[in-house]
Amino acid sequence: MVLDYATEKKLRPLYEALDEGQNKIALQYTAKLLKKNPDWPLVKALKALALTRSGKEEEATELCQQIKKVIPTDDATLQATTMALKELGKHSIIVEFYEAAANSQPKNEEFANHWFMAMVRNNDFKGQQAAAVKLHRQFKQNKYLFWAIMSLALQGQNGNKLSYVLAERMMAKALEEKKLEEVEQLRLYLLILLDQKKSKEALSLLLDTPLGHTALRDPEVRQIKSELLRDNKRWSDVIVMSKEALEKENADDWFNWLAYFDAVDAMMNEDGKSDALKNAELLVDDMKNAVLQSKDLKRGPFLAELELSHRLHKIGKRDKSVLLGHVVSYFKRFGAKNCCYEDIQSYILFLRSDPQASKEFIQSLRSTIESSQHVSSQTKNVQKSANIRKVEYLLNLYPCDTQSTLAIIHDLWLEYQEALPLGNDLEKTEMQYGDDFVILSAQLLVDLYNQYKQPSHLIQAASLLEIALGNSIHNFQIKLILVRIYAMLGVSKRPFEIFSTMEIKQIQLDTMIHYFTDRFISLCSSSELENMLHSSLSIYKSNEVETPEMLVKAYQYGTYSKIQEFIEFRRRLDSSLQHDITKVELMRLSSMRSSFMVKYAIQFFQERSMSELHYDEPSVSSRSDNRDFKVMINCNPEDQPSFESTCKPTKSTNSKWVQLLSYILNILSIICETKEVRNLSSVSTQFEQCLNESDMRSQVTGSEYFMGCYLSKLTQALLSIKEKKQEVAIEKLKDAIKLLQEHDTHLIVFTDSNIGWSNFHRVSISLETFNYGSVIIEMINRSLGLNSKDARRRAVEKAKTDPLMAAFLELQAETKKSLEKVQSVCKSAKEMFRPQFQKKICKQILDSDSVLACLRVKDIQNMFNNHVRVMVQSWNQSISEILEETDSRIQKLQQ
């Protein structure tokens, strides 16, 4: 920013304060400067920036609107205002700023560029096109032509097919006029053709133009060419291209191996010739020999041998003994690699139906392990053994009964213990060689729990994993499984501690945070959960600010091939399902904190906007589920539920869950409105229809579904009372009473055998239902004129002759009874979760037939006792928080 010396001297302290993050001091400087010169746009812009960074977004936006009226054209003011608006996510206002500046100075290329880029940030593809065309006409640079074409392509991607046609014509003309000079420009042409499924024309562009040949130096373009050759069924060319890439570039290039085999399959199907197959086998042998003679032993050719044998076995042209022989040979070479199990998994699944063949195969794998006194060889043997154990699990060779499974787990634990000395010299950041033995043990114990529902299995699994985590403090898999097992047990304290050690950041806050937030609200560690949820929101703010800048850079540097990728990344985060889940959970936590008394709950719903909680079907169905459910290790075959899906307390939250909770929170907000802005009747009807959808009940828990139905009935009762439909109101109130009574039968006392998430969930949902229901009941009170104690006393007399009043008073009594049952369950649980409960659990497990033999060792017993103590403390903390909330509400009811 070029300023004259006097102005720079005046503003230097202000700029320094902003650069150092001292926003409060910066605001003080702006106040002094504006006192002397109230209409100084630059200082107003800098003040807007300081306000933005101080969290005062409304004031900052208002200030920017004031500056816009002046139509500033100096760089300093425009840049400062743009920075503020970028951080506010107000890209549309930036467009208006630069459009005005560009129109005031039509020959200023920089302003015109800024105008175009402002529309890029705002995803205004049509506006981009118009600005780019104007730039091209005014300044005659080719890059502006391609900006216009890219903008047309993006409009085509959004459904405007005519834009594709126009973009293709403009590209064809540019090619004819020899304006295509860079590979990225050719890739833009390819993008336009491929989006229109014009694979023949796209292939011709690559093969028949000089720039196409130049572009083939890029590996990504070569992949596109390979795909185009396959689309056009030019199988001989696919084989030539893939073979050349494998022989001359990278023998590990799995993309080209698969392309080669797809071409072989197609040629065999077309003419039945065997030459293609013979050549494929010859290529595999040649590539194997080549890598065996090199210093770097690559897996690609050997994995290709498995792939080819597997394909031939599926069509009956290769005996299974040959395929299994290749698998054993592969395992002999690469069995010590962690990836070996994943490599061979899909090729041996057919053995699951033949236990005897499976056992013989396992014996063949074991025969590849050779005893040795060298540490490096012993380490490899451990890793091979771990992979063999995973294969045994995959092939169903482990029995399902408790005692046999515990014996296997004992053997796995011994193998883990034997492997520990081999890792004495490992860095702290490295994982122990035998960690997979413990992880598999945990999976077996989770399987036992899912079969017999005994918490002792999960408690033992958690203890084994905690011990292993002490030796491998950075093992990501152990941490994820521990978090899930603790959630199943209803333990909330320890998962938050684990989260703090995992350094989950950036995009992982969208893809991974569900491990820590999925219905953790039921475990009542509200402050820790709220902090975690708020910290996870940073990725969405970053997306608003940083991703548009990535798009701007892509246009500036002409990297058109990345623009769609960046836009898709931005779209997926903008419409993130996890973001919606987080917003719903934060609103639930805030409402719980504000519902100590009904009047405060009503005030909360009056003051808080629920506009970001979307419940309409188009919004809900357009959410992008970016959550990663595959990061957790999985030894189950693809046709069975993954370990991730079985190692969790209940089904994951989903779009239907978001819709249910969003309806509830929005309805409460509408009910509490001081002025009737939204139509409660319409939303209530939509909510009832949503609850009656066939898949709603299966997508949420029973308690959550009850809460939705109960609150829906109360809302309908309120509406009927307001509309003077007494009989309908009575019916809805009785329906609500019946639902409440039915749900109360599922509230069961905590015992040694039913400790876990489910009980905490039922209790916490009951309390949440009471909080929300109290708001609607209070509104019914007001509709019936029961605003004072005298009026309520008269209502008791009136109830003897008035069915509506009788039904309403019965509802209030049933509501109180329900809350008292929650209180009773919590009191008995708090009594149970005393420190001595730890000793009781430990004794029960250690004295039972279901105890692991390793837990009888004294040192491990001490660690086991400590782990159980942490669990009991967490249970006590959770139940105490629920009890405290329940007691305070009952106290208010009794006043």
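Let me start with a term: helices here are DSSP runs of at least four residues, numbered from the N terminus. One more thing before the tour: this is a predicted model.

First stop, the largest pocket. It holds about 1100 Å³ of space. The lining comes to 29 residues, and those closest to the centre are N781, R792, Q812, K892 and L893.

Which elements give two or more residues to that lining? They are α34 (598–607), α42 (757–783), α43 (789–798), α44 (803–832) and α46 (858–894). Of these, α42 gives the most, with eight residues.

Second stop, an arginine. R352 sits in the loop between α20 (340–345) and α21 (355–366). R352 is buried, yet has no salt bridge. Which side chain of opposite charge is nearest to R352? That is D639, 4.9 Å away. Set aside neighbours within four places in sequence, and R352 is in contact with S358, L394, L395, N396, P637 and Q640.

Last stop, a lysine. K317 is in the loop between α18 (300–314) and α19 (320–334). Is K317 buried or exposed? Its relative accessibility is 53%, and the cut-off for exposed is over 50%, so K317 counts as exposed. Leaving out residues up to four places away in sequence, K317 touches M268 and L312.

Key
Residues numbered from 1 in each chain as written. Predicted model: local features only at pLDDT ≥ 70, side-chain atom pairs only at ≥ 80, totals over all residues. Heavy atoms only, no water. 1 Å grid on protein atoms, 1.4 Å probe; cavity = no way out; pocket = protein on both sides within 12 Å on 5 of 7 lines; lining within 4 Å. Points joined across faces, edges and corners; volume = space filled by probe spheres on them. Buried < 20%, exposed > 50% of the residue type's maximum accessible area, 1.4 Å probe, protein only. Lys, Arg positive; Asp, Glu negative; His and termini not counted. Salt bridge = Lys/Arg side-chain N within 4 Å of Asp/Glu carboxyl O. Contact = heavy atoms within 4.5 Å.
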